[in-house]
Amino acid sequence: MDKHEFALDVSNLTVEYVTSDGIVHAVNDIDLKIPPQKSVGLVGETGAGKTSTALAIMNLIPSPPGVIRSGKIILNGYDVLHMKDSELNQVRGSEVAMIFQDPMTALNPVLNIGEQIEESILLHEDVTRDEAHEQACEMLEMVGIDRSRIYDYPHQLSGGMKQRVIIAIALCCNPHLLIADEPTTALDVTIQAQVLDLISNLRDEYRTAMLLITHDLGIVADMCDEVSVMYAGRIVEHGTVEEVFTNTKHPYTEGLFDSLPKINDRKSLLKPIIGLMPDPTELPEGCTFAPRCRYAMDKCFKRRPSLNAISDTHEVSCLAYEDPVFSIERNKHGR
Ligand code: SF4
């Protein structure tokens with residue numbers, strides 16, 4: 001494979017957690033490709049397997065109880081699942097970096113923020129400590145924090161500033177891929193937009209590919225080129241943002257859109273997706289969405305659909321697309 005064909009090329013990834021309650025099937029045979037400098041949104045409910053996917057890409061699945069049962073993860077040409085720990089430590093930071101949900105726990109409370117940015121620079125670049133210090137000051141300014149705060153400890157910063165420091169650490173070695181896992185969930189709503197703008201601007205400036213994990217479709221619309229919708233550990237729909245938003249195919253994706261408030265129709269009630277995601281230790285035999293799907297047919301409870309292309313760039317995992325009558329019926333409803 002051409003090393004630069006994809007910033008990230010995941011194939012047949014399966015992640016499980018072996019617990020006393022049974023085997024948790026967190027990620028089930030997924031493929032995910034991100035071209036260089038493109039941004040892909042990974043959306044779905046809590047428990048869909050988004051964070052396990054991200055941790056697997058970093059080869060950070062906690063083991064035990066986690067195990068990457070199968071799959072291949074190629075990160076800018078590097079085979080992540082077959083590298084020594086020392087090689088992996090180089091790849092993390094220089095090839096891939098992650099912004100976690102909670103900046104409060106991602107920073108080390110006993111080191112000042114300058115030391116934490118410098119540590120990452122010194123690990124990946126051949127520079128002196130003074131040069132690393134100067135680069136850390138510049139990164140701090142890039143994320144909108146005055147360089148005079150370089151000796152501050154995490155507890156002296158607000159939540160938004162801590163997340164800015166995390167972003168500085170993530171980008172200081174100019175990785176090919178940035179993974180942002182719900183990067184604003186833990187932040188005050190008033191500063192969420194500022195942090196998203198910052199990530200977006202720096203991603204463009206550093207020409208970094210991005211995997212953005214979120215349950216917020218509005219954020220995906222603003223920041224991504226493509227979107228993968230995940231349900232019960234599987235990708236059920238993938239396409240360009242335009243395709244998935246304007247030509248929604250999978251009933252689960254349709255449910256996600258229907259459950260959003262409509263700005264021009266404030267009187268209509270929100271339509272939640274009835275029911276819960278299946279127990280990941282006991283996934284149903286057929287389509288995992290069948291118990292909640294308003295279009296479910298008998299065969300949906302017996303046969304599991306695979307992800308099939310319906311255009312060059314749009315894929316959907318739904319048995320109904322093998323049934324022309326179904327497509328006609330759905331079109332009547334304007335989809
Ligand atoms: Fe619904 Fe059947 Fe499609 Fe599953 S395969 S999403 S149950 S129509």
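1. A word on terms before we look around: helices (H or I, at least four residues) and strands (E, at least two) are DSSP runs, numbered from the N terminus. With that in hand, Thr 208 is found in the loop between helix H7 (189–206) and strand S8 (209–214). Residues are numbered from 1 along each chain as its sequence is written, and side-chain values use heavy atoms, with hydrogens and water left out. Please keep in mind that this is a predicted model, in which local features need pLDDT of at least 70 and side-chain atom pairs count only at pLDDT 80 or more, while totals for chains, interfaces and linings use all residues.

2. Let's stay with Thr 208, which is buried, with a relative accessible area of 0%. Here buried means under 20% relative accessible area, exposed over 50%, and partly exposed in between (1.4 Å probe, protein chains only). Not counting residues up to four places away in sequence, Thr 208 touches Gln 37, Leu 171, Asn 174, Pro 175, His 176, Leu 177, Leu 178 and Arg 203; contact means heavy atoms within 4.5 Å.

3. Gly 22 belongs to strand S2 (residues 22–34) and is partly exposed, at a relative accessible area of 24%. Leaving out residues up to four places away in sequence, Gly 22 touches Tyr 17 and Thr 281. Gly 22 and Pro 280 are 258 residues apart in sequence, yet their C-alpha atoms are 9.2 Å apart in space.

4. Helix H2 (residues 85–94) has Leu 88, Val 91, Arg 92 and Gly 93 buried. The cover over these buried residues includes strands S4 (66–75), S5 (78–79) and S6 (96–99), together with helices H4 (113–124) and H6 (159–171).

5. Now the ligand. Around the ligand are His 250, Pro 251, Cys 287, Phe 289, Ala 290, Cys 293, Tyr 295, Ala 296, Cys 300, Cys 318, Leu 319 and Ala 320, each with a heavy atom within 4 Å of it. This shell divides into 11 nonpolar residues, 1 polar and no charged; Ala, Val, Leu, Ile, Met, Phe, Trp, Tyr, Cys and Pro count as nonpolar, Asp, Glu, Lys and Arg as charged, and the others, Gly among them, as polar.

6. Finally, the whole protein: there are 11 helices and 12 strands. Its C-alpha trace spans about 70 × 50 × 40 Å along the principal axes. Of the 335 residues, 49% count as buried. Among contacts with a separation of 6 or more, 63% come from residues 24 or more positions apart.
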